[in-house]
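Work through the exercises below with the sequence and the model open. Try each task before reading its solution.

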Amino acid sequence: MSDIAIRVRQNFAFLTAVALFFVVYLLYQLVHPKGFSSAVLVQNSDEVFTLALVAMAQTVPVLAAGLDLSVGALMTMVGCFASYLLTGAPEGTPLALDLAGFRIGLGTLPGGGTGILFGALICLAIGAGCGLLNGAIVVYGRIQPIIATLATGAIFIGVALFLRPQPGGKINEDLNWALTNSLGDFASTVHIFNDGAAPWFAPFAGIPTSFVILVLILLLVWLPFSRTVTGRTIYAIGSAEGAAYMSGLDVKRARVAAFALGGFFAACGGLFLAIQTSSGNADIPQAGAYTLNSIAAVVIGGTSLLGGSGGVLGSVFGAMILRVISFFFRVFDIAPLLQPLFEGVILLAAVSIGAARVLRVKNTLELFR
Amino acid sequence: MTAIAAILKPSRDDRPILIAALFIVAILVAGTVYTWHRFGSAPLLSPNYLLQQLQIGAFLGIVAAGTMLVILISQIDLSIPWTLTAAAMMATSVGGPWAIPVGLLIGLIVGVLNGLGVAYLRVPSMIFTLGVNAVMRGLMVAHTGGFAPQTGATEFMRTIAAGRILGIPNALFVWIAVSLAVAVMLQRTVLGRAIYAIGNKEAAAYLAGVNTKGVTVICFALCGLTAGLAGVLLAGYSQKAYQGMGDAYLLPAIAAVVIGGTNILGGRGRYLGTLVGVILIVLLNSVLSIMEMPEAGRQVIYGAVIILMLLVYGRGERVTS
């Protein structure tokens, strides 16, 4: 068998997801009255971004044969932090936390752009730190990931509720405008490339900023990480943890790293959601929905829940497929009441078709893994 | 003598149950100290208050019994919230003498569907039951038109959920009946042994001649049935069915099973532990509400308790080869 045929076979689920996405998205753009315009692209990209990041956050622990039920909660909590830290208030504004009547001063943030950048970094650090905590509990506490993250998810939601008992807060308007529109708007907001009017920049001006950020995260964070020994170890743990351990790989470090990276991705998602909605909201049902949809996206994207095969990029496509399905309801004007039913049926159909391999298995014992 | 020995040197399966039971005592003591200090009374120790808490706990207990069966074969059922809600909604909209059978049947059908998907299609239960949950939610949203259903529970449903015989809540009797059935099934029947065998190593159970597919379907069917029963009872207790009534039962049920010492990977755990786990969660909730703890604090304490309990006795083995 040729090399390409082997590669196609190994990545069959991923390639199916990619093909499926392009087919349904092309169809969507064709039937959309304003199809193939920058405005539609921007809107779609903004709606996909958070779920894509949360799905990426879910993927990394899943590759190491774990499951992270706290991704939605972590995303929500980081969003609540962001609604305090990204207000873009002038320098010297005191930062304080209201806790059941107690006012705790936390010093002051630097103002303007530096303050926003500083606040965003704090948010990402909180996310990675909480992911690290998940990993530490799983690895050093030796508690099953599924139940450990169920518990830490409750804690994260609790913290989010402390921060935002009611939805509220504020995000700097320029930041919201720059990140949720096209590259042209981004350039004119931050005053680069002659306010986005440079002639060479014109072909790129219509690309959604959020899409570019997503690609940058994939290229600058995931791609290098997956090539490191720690990154390969995550895959090895998912395939056979015992073998990975006996091969001298640092299984513990890789597993902690998997959860920490997941936390970082979830924080990126939470940060964007807060920027997009200009507020922090400790919405428990929403957090649960994001967690469950992230699992669905991971499976649709071709990553095995048993670990060891698949990748973050597949989950991004999985998330995009899930979102495009809901876009269709808008275009075709299907009664919103039927929407959840369609979503469920499509999810079930997708995973059941994927189960066709059961029919080809010759030795029943191969089914038990 | 053996009883004392069992307490002094509990076996691997009994240790979690013992520690969880001690924790229940600790919660009761701490809660009583608090109420005595603050209000000068001890409601936590009054039998009436405890019975009332157990009545509320019965719904969680029934769901947890079914959840435990599925966890024992190293699967999970995420469709519980909307199975429960669907059973409640259909029972109230059918009404009359058929209300309860219809509710239970809905639960059973959903459970069998889950079991078929997991056993025959070999779709991971985590994702298949998630899809079924979405489908049930979709069906119910379409059925009710997105509004709160206007139908009420029948008189009989109210009686078994909220009524009392000799001062003991009827729901408690239902919980006890379900508990006895599950405990006997797990300990004294071939099916029970097969469930533990599958949870330990499915391939070995298959080679030993266990009908693994059949047992898997039965476990999911029973889990759906208990969710349906809980839905019918809950509808009777609150006199109506409502959107999202099952959302508060999935994670506490899993937590109760795991706190009770059942291995989340299946194959190990006693039903008594699940019972203790449910009581622990119910009492923890009631003490926190006596303390007027805001939702935020509850969530944090809830999560911390699960982690602490598991750190004490739920730790897995080191991978060394």
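**Exercise 1. Chain B as a whole**

What percentage of the 321 residues of chain B count as buried? Then judge the fold of chain B by its radius of gyration.

Solution. Bear in mind that this is a predicted model.
- Step 1: 50% of the 321 residues of chain B count as buried.
- Step 2: List the secondary structure. Chain B has 14 helices and two strands.
- Step 3: Take the dimensions. Along the principal axes, the C-alpha atoms of chain B fill a box of roughly 55 × 50 × 40 Å.
- Step 4: Apply the globule rule. A compact globule of 321 residues would have a radius of gyration near 20 Å, and chain B has 20 Å, so the two agree.
- Step 5: Check the contacts between residues at least 6 apart in the sequence of chain B. Of these, 77% join residues at least 24 apart.

**Exercise 2. The side of chain B that touches chain A**

How many residues does each chain bring to the contact? Which helix of chain B gives the most to its side?

Solution.
- Step 1: Chain A brings 46 residues, and chain B brings 46 residues.
- Step 2: Find the helices of chain B that supply at least two residues each to its side. They are helix 6 (125-144), helix 10 (202-207), helix 12 (250-259) and helix 14 (295-313).
- Step 3: Helix 6 of chain B gives the most, with 13 residues.
- Step 4: Sort the residues on the chain B side by type. There are 30 nonpolar, 11 polar and five charged residues.

**Exercise 3. The largest nonpolar core**

Which residues have the most contacts inside the largest nonpolar core? Trace the partners of A:Val78.

Solution.
- Step 1: The largest nonpolar core has 209 residues, and A:Ala52 and A:Val78 have the most contacts inside it.
- Step 2: Helix 13 (residues 251-277) of chain A gives the most to this core, with 18 residues.
- Step 3: Set aside the neighbours of A:Val78 within four places in sequence. A:Val78 is then in contact with A:Cys123, A:Ile126, A:Gly127, A:Ala266, A:Ala267, A:Gly270 and A:Leu271.

**Exercise 4. A glycine in a loop**

Is A:Gly88 buried or exposed? Where is A:Gly88 found in chain A?

Solution.
- Step 1: Count the neighbours. A:Gly88 has 20 other C-beta atoms within 10 Å.
- Step 2: Compare with the cut-off. A residue is buried if 20 or more lie within 10 Å, so A:Gly88 is buried.
- Step 3: A:Gly88 is found in the loop between helix 4 (71-85) and strand 1 (94-99) of chain A.
- Step 4: Beyond its neighbours within four places in sequence, A:Gly88 is in contact with A:Gly115, A:Ile116, A:Asn172 and A:Leu175.
- Step 5: Take one of these partners. A:Ile116 is 28 residues from A:Gly88 in sequence, and their C-alpha atoms are 5.8 Å apart in space.

Notes:
Residues are numbered from 1 along each chain as its sequence is written. Chains are lettered from A and ligands numbered from 1 in the order in which they are written. This is a predicted model: local features need pLDDT of at least 70, side-chain atom pairs count only at pLDDT 80 or more; totals for chains, interfaces and linings use all residues. A nonpolar core is a set of buried Ala, Val, Leu, Ile, Met, Phe, Trp, Tyr and Cys residues joined through C-beta atoms within 7 Å. A residue is buried if 20 or more other C-beta atoms lie within 10 Å of its own, exposed if 12 or fewer, and partly exposed in between; C-beta atoms are placed from the backbone. Helices (H or I, at least four residues) and strands (E, at least two) are DSSP runs, numbered from the N terminus. Two residues are in contact if their C-beta atoms, placed from the backbone, lie within 7 Å. Ala, Val, Leu, Ile, Met, Phe, Trp, Tyr, Cys and Pro count as nonpolar, Asp, Glu, Lys and Arg as charged, and the others, Gly among them, as polar. The radius of gyration is taken over C-alpha atoms; the globule rule is 2.2 Å times the number of residues to the power 0.38.
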